[in-house]
Amino acid sequence: MKETISNTVRAEGLIHALPYIQAHRGKIVVVKYGGNAMINADLKAAVIQDVIFMNCVGIKTVLVHGGGPEIEAMLNALGKESRFVQGLRYTDEETMEVVQMVLCGKVNKDITALIQRSGGKALGLSGIDGGLLQGKLLKSGGEDLGLVGEIETVNTQVLEQVLESGAIPVVSSVALGIGDAAGHTLNVNADTAAAQIAAALKAEKLVLMTDVQGILRNVQDPDSLIKQLPRKDLENLKKDGVVSKGMIPKTECCSLALDGGVKKAHIIDGRLPHALLIELFTDEGIGTMIEAEKNA
């Protein structure tokens, strides 16, 4: 039997969201879109609806995406084995061609088209377009990562022009090589790219969509979700082992954004439908919100 919702309940939901809409209107929110929400068709549709809603109520939304599973599938189809170094995909010239083809040519355009078909306005961009993202080769522990890059500069003018037009920039995480990487396109971690973009734009919020609830005090206990914490507590949580393994790079991206001028960073569970709207427009939220230092 289909559940019915009264008009009163619908109205109460909208009124409840009103203060959040007013607070966020005209502000920039950078969303890193990835994980299961990019693979599952129903979740993908929900994310697109959320992003269009945000844009319609006046939130200047930037959507940054990765595409690891799609890249992996294409490499497998080509018979090329993937290799990871310190959790990062080793990227030789051939792999970079696949990364660029999949991220910029397919995934980016698919997301952009889906937003358009769903009634939104979007412009697909790669980090190469207009010199949006420029970077050098990433040096990590002396390991050779190939054409994996770290961002040096973000050309915010490109994004600001799209945002002022009322459209949603959809950004794929590749960068134009400079310095030791001049003449090359670089593979950039999408979480890091989103954090760098958020900092450069002095965004109100960075939202990382993941396949976990957020930061848990006990990973075995879903009820131990830490809903809110100040930036300064992250180091203690690392020392205590609360933040560990795959959560470490997520929180490092949050710290990067917060230290760069972003006010709040959110780690949310993209496996839940409409996670973005629940996190941004309800008192309870759905994930972990990390706040910048008040005197920062």
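Visitor: Which residue's side chain does a polar contact join to that of histidine 266?

Guide: A polar contact is a pair of N or O atoms within 3.5 Å; within protein, one must be able to donate a hydrogen and the other to accept it, and residues adjacent in sequence count only if both atoms are side-chain atoms. Here the side chains of histidine 266 and glutamate 279 are joined by such a contact of 2.6 Å. Please note that this is a predicted model, in which local features need pLDDT of at least 70, side-chain atom pairs count only at pLDDT 80 or more, and totals for chains, interfaces and linings use all residues. Residues are numbered from 1 along each chain as its sequence is written, and side-chain values use heavy atoms, with hydrogens and water left out.

Visitor: Where does histidine 266 lie, and is histidine 266 buried or exposed?

Guide: Helices (H or I, at least four residues) and strands (E, at least two) are DSSP runs, numbered from the N terminus. Histidine 266 lies in strand β13. Buried means under 20% relative accessible area, exposed over 50%, and partly exposed in between (1.4 Å probe, protein chains only). Histidine 266 has a relative accessible area of 1%, so this residue is buried. Contact means heavy atoms within 4.5 Å. Not counting residues up to four places away in sequence, histidine 266 touches Lys205, Leu206, Val207, Leu208, Glu279, Thr288 and Met289.

Visitor: How is the span of a helix judged, as in helix α2?

Guide: The expected span is 1.5 Å times one less than the number of residues. Helix α2, residues 41-56, has 16 residues and reaches 23 Å from its first C-alpha to its last, close to the 22 Å expected. Just after α2, glycine 58 takes a positive phi of about 95°.

Visitor: Which residues of α2 are buried, and what do they pack against?

Guide: An α-helix has 3.6 residues a turn, so residues three or four places apart point the same way. In α2 the buried residues are Leu43, Ala46, Val47, Ile48, Asp50, Val51, Ile52, Met54 and Asn55. Their packing partners include β1 (28-33), β2 (60-65), α4 (93-117) and α9 (275-281).

Visitor: How many aromatic pairs are there?

Guide: Rings of Phe, Tyr and Trp (its six-membered ring) pair if their centres lie within 6.5 Å; planes under 30 degrees apart count as stacked, over 60 as edge-to-face and the rest as tilted. By this rule there is 1 aromatic pair. Phenylalanine 53 and phenylalanine 281 form this edge-to-face pair, at 5.6 Å centre to centre and with 75° between the planes. The pair links distant parts of the chain, for phenylalanine 53 is in helix α2 and phenylalanine 281 in helix α9, 228 residues apart.

Visitor: Why does phenylalanine 281 count as buried, and why does phenylalanine 53 count as partly exposed?

Guide: Phenylalanine 281 counts as buried because its relative accessibility is 4%. Phenylalanine 53 counts as partly exposed because its value is 30%.

Visitor: Where does UniProt place the feature "binding site"?

Guide: UniProt positions are given in the numbering used here, feature names are shortened, and annotations may be inferred rather than shown by experiment. The unreviewed UniProt entry places this feature at Gly67, Gly68, Arg89 and Asn187. Although spread over 121 residues of sequence, they cluster in space, with a largest C-alpha distance of 12.0 Å. Glycine 68 is found in helix α3 (residues 68-77), and arginine 89 in strand β4 (residues 88-89).

Visitor: Is arginine 89 buried or exposed, and which residue's side chain makes a polar contact with that of arginine 89?

Guide: Arginine 89 has a relative accessible area of 12% and is therefore buried. The side chain of serine 82 makes a polar contact of 2.9 Å with that of arginine 89. Leaving aside neighbours within four places in sequence, the residues in contact with arginine 89 include Gly68 and Asn187.
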